[in-house]
Amino acid sequence: MEPLSLQKTYAGRHVMLAGASGFLGKVWLAMFLDRLPEIGKIYVLMRRKGTQSALERFEKMISSEFVFAPLHERHGEKLSQVLSKRVEVVEGDVSAVDLKLSVERARKIADQLDLFVNCAGLVEFDPDLRDSIAVNVDGALNAAEFVRNSKKAALLHVSTCYVAGVREGRIPESIDPYLAPNEKRFDPEREYRAVLEALDRISRDQSGPKVEKIVRQEMQQRMRKHGLKQNESRRFKSLMEVGIRRLVREAMIAEGKRRAGEWGWPNIYTYTKGLAESLLATRYEDTRICFFRPAIVESSVAFPFPGWNEGFNTSGPLAYLLGSWFRYLPAKIGNPFDVIPVDYVTNAMSIAGAALILDRHDEVVHCGTSDRNCFTIDRACELTALGHRIHLRQHGKSVLERAVLSRWDAVPVENGHLLSISNLRKVTQGLRKIVEKVPLNGFKWKDQLVRGDRRLEQIEKVLELFMPFTHDTRQVFETKNLYRFSVQEKEFRFAPEEIDWRKYWIDIHMPSLRRWCFPAIEGREKEAYRPVTPVRMTRPIGPPKRTSRSEDSPRPVVV
């Protein structure tokens with residue numbers, strides 16, 4: 001193993017981070033600020049949102065997210081000064097050419113830069129194809145172009161293990177940009193041109209008078225149903241615009257799913273991530289790039305504290321469903337469920353980034369657990385049910401929850417099981433047809449069955465999204481390259497083989513989901529962190545000192 005000191009490697013180095021507002025980006029940023037005080041400068045690339053500047057967004061993020069609590073506890077009211085020295089908030093956009101920076105500013109940062117960490121990504125499985133291409137593909141290409149124009153920088157591109165798509169078995173740490181997951185020959189440039197042409201075609205096809213007529217008829221039908229007057233009011237025109245945008249978005253999603261399925265990717269997210277990797281590998285052979293592929297990123301083990309998570313994540317919806325009366329999860333027994341705590345991922349990113357800076361890197365780095373400490377989907381199902389039982393026995397809201405639901409087991413089943421959601425929906429829909437013919441109080445039962453069917457439809461859609469991870473493919477992601485290095489700093493070690501899955505899942509992850517993820521699923525307000533002294537990098541905290549005009553003037557940090 002090669003010795004590697006992260007403190008020495010990053011000392012005095014300049015790093016740019018794109019995607020700081022995401023789950024992974026926040027933890028990486030907090031970890032670097034907390035553990036690497038000798039780092040030179042961290043450029044945080046953030047977009048303006050409406051009237052809120054990038055700097056204002058950054059200050060709000062630092063002052064309201066629990067992930068930054070250790071920094072507030074360590075530095076207190078001096079945190080603003082600490083951040084002003086180490087961080088420069090750069091107002092720009094990774095999905096825009098030149099990151100939306102002026103030529104002079106882009107050149108100045110690029111000349112100083114040692115490492116570009118691209119965490120920016122649209123992680124929704126099946127979003128509007130336009131958005132996914134803009135962020136996951138164009139964003140990656142813009143980051144690489146920025147690095148190519150620098151004097152010494154390298155690119156750590158955060159992708160995903162699941163660019164493997166439908167490939168089965170042991171997935172090596174390698175990339176063939178001309179081979180799709182279904183083994184078809186793949187021309188990334190041709191596919192990129194084709195998808196851009198498809199976006200233009202859909203935009204044109206969905207904006208003509210024919211589509212407007214369809215939407216108008218639909219809106220008029222709805223208004224008649226609710227007894228509303230049909231007119232050309234501002235409200236009606238607004239609803240028309242919303243309807244047209246919805247049709248365009250649905251067409252974009254359908255096109256993305258079709259293209260992904262054609263090449264063997266399970267969803268738009270993995271398709272655009274895979275396309276980005278292939279384009280980077282073929283266009284930027286002369287640039288130092290590491291494709292960093294984490295598996296399913298979950299709650300932290302230790303940093304910033306045990307159980308930090310953020311809202312909606314991969315296992316959250318499944319765990320939430322298994323805490324309800326629904327307990328039959330489509331899953332193949334023995335399939336790896338490759339989850340990895342977020343602080344293990346940021347440790348691995350830090351190692352891969354240091355190797356890039358020193359030009360000792362590998363082209364592809366996997367960051368998962370299936371190779372070293374395999375956690376199966378049936379074991380996850382068992383521990384999730386156990387976690388719910390423990391919670392319900394202690395905190396169930398009713399006798400039914402405490403006495404019955406707390407003893408309701410979760411069972412992994414083959415797709416198409418007798419009690420699968422699709423079969424339950426068929427039963428519900430059959431009952432609806434019967435009840436519609438009942439003359440007396442059938443409408444009450446009908447309404448209940450309609451609501452039940454909608455709920456089952458929502459569950460069915462969730463399960464369809466996660467079927468590739470739980471049922472369809474058996475994949476073990478080879479994880480060797482991170483083990484090349486003997487990291488000198490213990491707090492940055494990558495050792496997933498040390499995870500005790502029962503302890504992690506029951507004592508850390510399930511309480512974490514209950515605190516951070518389940519409220520987001522239920523639409524409840526997000527818990528906010530409130531430090532004693534909020535971060536204000538634009539001006540000093542407390543009463544102004546009696547100094548000269550030049551010293552009183554705030555130091556600009558926004559680009």
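At what angle do helix H2 and helix H13 pack? This is a predicted model, where local features need pLDDT of at least 70, side-chain atom pairs count only at pLDDT 80 or more, and totals for chains, interfaces and linings use all residues. Residues are numbered from 1 along each chain as its sequence is written, and side-chain values use heavy atoms, without hydrogens and water.

H2 (residues 23–35) and H13 (residues 342–357) pack at about 65 degrees, with axes 9 Å apart. Helices are DSSP runs of H or I, at least four residues; strands are E runs of at least two. Axes are lines fitted to C-alpha atoms over the stretch in contact, and angles run from 0 to 180 degrees between N-to-C directions. Contact means heavy atoms within 4.5 Å. Among the H2 residues that meet H13 are Phe 23, Trp 28 and Arg 35.

Now the charges. The whole structure has 32 salt bridges, each a side-chain nitrogen of Lys or Arg within 4 Å of a carboxyl oxygen of Asp or Glu. Arg 48 pairs with Glu 91, the closest N and O atoms being 3.2 Å apart. Arg 48 lies in the loop between strand S3 (41–46) and helix H3 (54–62) and Glu 91 in strand S4 (residues 87–91), so the pair ties together parts 43 residues apart in sequence. Glu 91 is buried, at 18% relative accessible area; Arg 48 is partly exposed, at 43%. Buried means under 20%, exposed over 50%, partly exposed in between, with a 1.4 Å probe and protein chains only.

Glu 489 is buried yet has no salt bridge. Lys 8, the nearest side chain of opposite charge, is 7.6 Å away.

Technical notes. Lys, Arg positive; Asp, Glu negative; His and termini not counted.
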